[in-house]
Each structure stands twice: as C-alpha cells, then as structure tokens.
Amino acid sequence: MDPQIIQVKPSKTEYARGEKWRIVKNIVVLGFAFMVHFTAFHGASNLQSSVNADEALGTSTLASIYGSLILSNIFLPVVIISWLGCKWTVALSFTAYMPFIMSQFYPKFYTMIPAGLSVGFGGGPLWCAKCTYLTVAAEAYSQITGIKSDVLVIRFFGLFFMFYQFAQVWGNLISSAVLSSGEPMLNTTIINETLQNVEDICGANFCPGVTIAENPNLEPPAKEKIQLISGIYLGCMIAACVIVAFGVDSLSRYNKGRTGSGSGLSGFKLLAVTLKHLKNPYQLLMLPITMFIGAEQAFIAADFNASYVSCGWGISNIGYVMICFGVTNGIAAIIIGSVVKLTGRCPVVIFAMLLHVVIIITLLVWRPDNTDKYMYFLMAGLWGVADAVWLVQINAMSGILFPGKEEASYSNFRLWEATGSVITCHWLHGYRISRVQSQN
C-alpha cells in the first residue's frame, strides 16, 4: 500500500446478517441507474458537435455544461447532500439533465444553452453524491468483512464505472441504429472523388468552415431521426430516476456517527468547505491530473467525433466508434482493481500516461478517411482504456486520501475536471475560428 494513504478507522457498527450482499446490491443498482441515465446523456452529447454544428451550437452547449459545472461544484454539492442525503440528491440531479434532451426537439441557442446550464448545475451534486455513497458503503463493507477500505473503494469504483461506461455502448447503439435506418448505402467511389484530398480537411487539419458540398460526410441527419432518438433518451432518464428512488437504500443506513465535510456548518461556511479543502497539499497535487481528465473527456466527446469520425467517415458512424470506446472503458474499469492489487497503483497510472501520449501523437499524424475504418475503432478503444485508469484511480484516491471529507474532496474533483473541459472546449473553438479566418 502506498505510504501516503490514510487508513479509515470507522466506528464499530453492528450490521444485520447478509448486510454485505445488500451493500453490493446497492452498488449494482446505483451503477445500473447511472448506466440507464447516461445511456441518454452520452448518446446525445456525442452527437452535439456534429449534428448541431451550425454556429458551433453543439460545442457551445457542451461548454455551457462544463462552465456551470464549475460553479455547481463550488457551491452546491455539500449543501444539497446535507439537505437531501446522497440517494435523493442523485434522483433529483437526474431530473436536471432532462431539459438537455428536451431541447433536442427544438435546437436553438435560447433552448440549448439554458438546458446545458441545467445539466451543469445538476452534475456537481450528482457526482459528489455518487462518490460519497460508494466510499461510505466501502467503509461499511470493510467493517463487516475485515477487508481494507482502500482496496474496497477501488473495487466499488471499478464495478460502478463498468456499468457507467457501458452507457456509451447502449447510448451510441441507439443513435447509430436510428441514424442508419432507411439510409441507402453510399457510393464510396463518388464520395472519394468529391472529397479529393480528405487528409487536408479532416483530423488535425479539420476546420468548421468545410461545407457539405466539399465533404458529404458532414451532412446532418433528418430532424425526425433526431427527435426519435431524443424521445428514447428522455424515457431512459425517467426510468433512471425511478430505479434510484425505489432500488437504492438511503446512505443513513451506513453512515451513522459519521461526520461529513459539512457537519455542523450552515450558510456560506458550508459553501466554503469545498474551496477550503484546497489547502490540503494532496488535493493540490491532484489538480493537474484532474484537469487533464476533464480535457481528455472533452476532446473525445467533441473534437474526436467532429474532426475525425464525422469528417472522415460520416455522422451516422459516430455511435459505432463510441461503442468501441465504451466497451474497452467498461472492461478496463472492472479489471483495474485486480491489476493494481498485483502491480501497485504507480505502474498502472504510468501505463495510462504513456498510452495517452502515444494516442495523441498518432492522432496528430494520422489523416483519416473512409478507407481505414479500423483506425477509428483502435484510437477510440485505446482512449477508453486510458480513460478508465484515470477515472477509477483518481476517483478512488479522492476517497482514500480524505476520509470523512468525501463531499469536499469529490466536489474539488468535479470542479477541476470541469475546468479542464471548459478550457479544452474554449481553446478548440477559438483555434478553429482562427484557422478559418486565416484561410479566408
């Protein structure tokens, strides 16, 4: 075990026989609910930069999500969780995502930007409540079984993220099936003749000013198909709320006597807990890698889909490529705990860093077109493996290093993750505009 890890020493609590299976049930049901909910959100957000490309509406909406998520993580998680508890915070936060799906029926700046802000304000309490629930449940399971809590935290996060990342599979399977239905097979020869020098307009060279006449791959799907997808996604979000409300036990069952980050505080003192936690040197050291997680997630969701998949292969194929991302991400998330047990945490994190460097260099030199389809799946799949390492390990460390302060710790994680996403979206958008202006 790493020397800097602080062992959790919870107070002894008597649990009923079979309680450990009930804890596992709660983790599974919570993970399943997140999978159903983010089947809708991931499926919709992956299409934004391509389907709503006019005037960068989709990218601007994603930026509004990440921007409001920053404010949300500063002010809301500790307050909302202290009022509602983790279970009902999750259920309520799910509803904040629904306007984003509803806005897809009428995508305009005045409908989608407020909907994006709603997602961000709900996202802070949602993720903080989820992380706190997993960490406290791991502490309770540790008391029952005698297994070290830091080991259980990694296992529980791995199990959760397996469910969560498979949302990429189902969400993108839905979008791809609908977008591909009734679509005639395109004549590859004609497309190649139209594109001519595709390597000059896609990948690292992509510019948003490319017209459909220059690249038929960028033609958006019919509105009826987008509305059908949105209706399915909205039903998924409603189902997720019901699953949490009736299938997950309240965390008060396991945190008796626990003093959380906001215990005994109120008003602005309660809101300041998140920022005060930045005084901890461990928290400060985690900021760069946390911001990178936000940056790499924003890139794969927005720029990779628009610049590589849509431009080089077609919008209807985004879902298939992101399914590969979700599968490798989910599988990697569940096996990381076992690997860390054998090798330790440091080698796994170094592997993820080196893998990401290799992928980024490859994306800079690769010129995508519709003939090397395997490369789209290879890049997305390897990115999913690296992303799984970051998510599981850094989330777990946030709970292990700060026992009893999970709310503030995870608020900071989501705060700086969102900051990395905002910087990436803003920089990519500004860079593209500058390239278009320089070419005119």
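# Exercises on a predicted model

Ile 243 touches Val 29, Phe 32, Ala 33, Val 36 and Val 248, leaving aside residues up to four places away in sequence. The model is predicted.

**Exercise 1. Classify the ring pair of Phe 34 and Phe 160.**

Step 1. Start with the total. The structure holds 25 aromatic pairs.

Step 2. Take the two rings. The centres of Phe 34 and Phe 160 are 5.0 Å apart, and their planes stand at 75°.

Step 3. Apply the cut-off. Planes over 60 degrees apart count as edge-to-face, so the pair of Phe 34 and Phe 160 is edge-to-face.

Step 4. Locate both partners. Phe 34 belongs to helix 1 and Phe 160 to helix 6, so the pair ties together parts that are 126 residues apart in sequence.

**Exercise 2. Describe how helix 12 and helix 13 meet.**

Step 1. Know what to look for. Two packed helices are described by the angle between their axes and the distance between the axes.

Step 2. Read off both values. The axes of helix 12 (residues 318-343) and helix 13 (residues 345-365) come within 7 Å, crossing at roughly 120°.

Step 3. Name the arrangement. At that angle, helix 12 is oblique to helix 13.

Step 4. List the residues. Helix 12 brings Val 339, Val 340 and Thr 343; helix 13 brings Arg 345, Pro 347 and Val 348.

Step 5. Sort them by class. The contact of helix 12 with helix 13 has four nonpolar, one polar and one charged residues.

**Exercise 3. Describe the largest cavity and its lining.**

Step 1. Look at the lining. It has 31 residues, with Phe 41, His 42, Tyr 66, Tyr 164 and Gln 297 nearest the centre.

Step 2. Find the contributors. Elements giving two or more residues include helix 1 (19-51), helix 2 (57-75) and helix 5 (109-145). Helix 1 gives the largest share, five residues.

Step 3. Sort by class. The lining of the largest cavity has 18 nonpolar, 10 polar and three charged residues.

**Exercise 4. Describe the second largest cavity.**

Step 1. Give the volume. The second largest cavity has about 70 Å³.

Step 2. Name some lining residues. Among them are Ala 44, Leu 47, Gln 104, Ile 226 and Tyr 233.

Step 3. Name the elements. Helix 1 and helix 8 (223-247) each give two or more residues to this lining.

Step 4. Sort by class. The lining of the second largest cavity has six nonpolar, three polar and no charged residues.

Notes. Residues are numbered from 1 along each chain as its sequence is written. This is a predicted model: local features need pLDDT of at least 70, side-chain atom pairs count only at pLDDT 80 or more; totals for chains, interfaces and linings use all residues. Side-chain values use heavy atoms; hydrogens and water are left out. Axes are lines fitted to C-alpha atoms, for helices over the stretch in contact, and angles run from 0 to 180 degrees between N-to-C directions. Helices (H or I, at least four residues) and strands (E, at least two) are DSSP runs, numbered from the N terminus. Angles under 35 degrees count as roughly parallel, over 145 as roughly antiparallel, 65 to 115 as roughly perpendicular and the rest as oblique. Contact means heavy atoms within 4.5 Å. Ala, Val, Leu, Ile, Met, Phe, Trp, Tyr, Cys and Pro count as nonpolar, Asp, Glu, Lys and Arg as charged, and the others, Gly among them, as polar. On a 1 Å grid over the protein atoms alone, a cavity is a set of points where a 1.4 Å probe fits but cannot get out, and a pocket is an open set with protein on both sides within 12 Å along at least five of seven lines; lining residues have an atom within 4 Å of a point. Grid points are joined across faces, edges and corners, and a volume is the space filled by probe spheres set on the points. Rings of Phe, Tyr and Trp (its six-membered ring) pair if their centres lie within 6.5 Å; planes under 30 degrees apart count as stacked, over 60 as edge-to-face and the rest as tilted.
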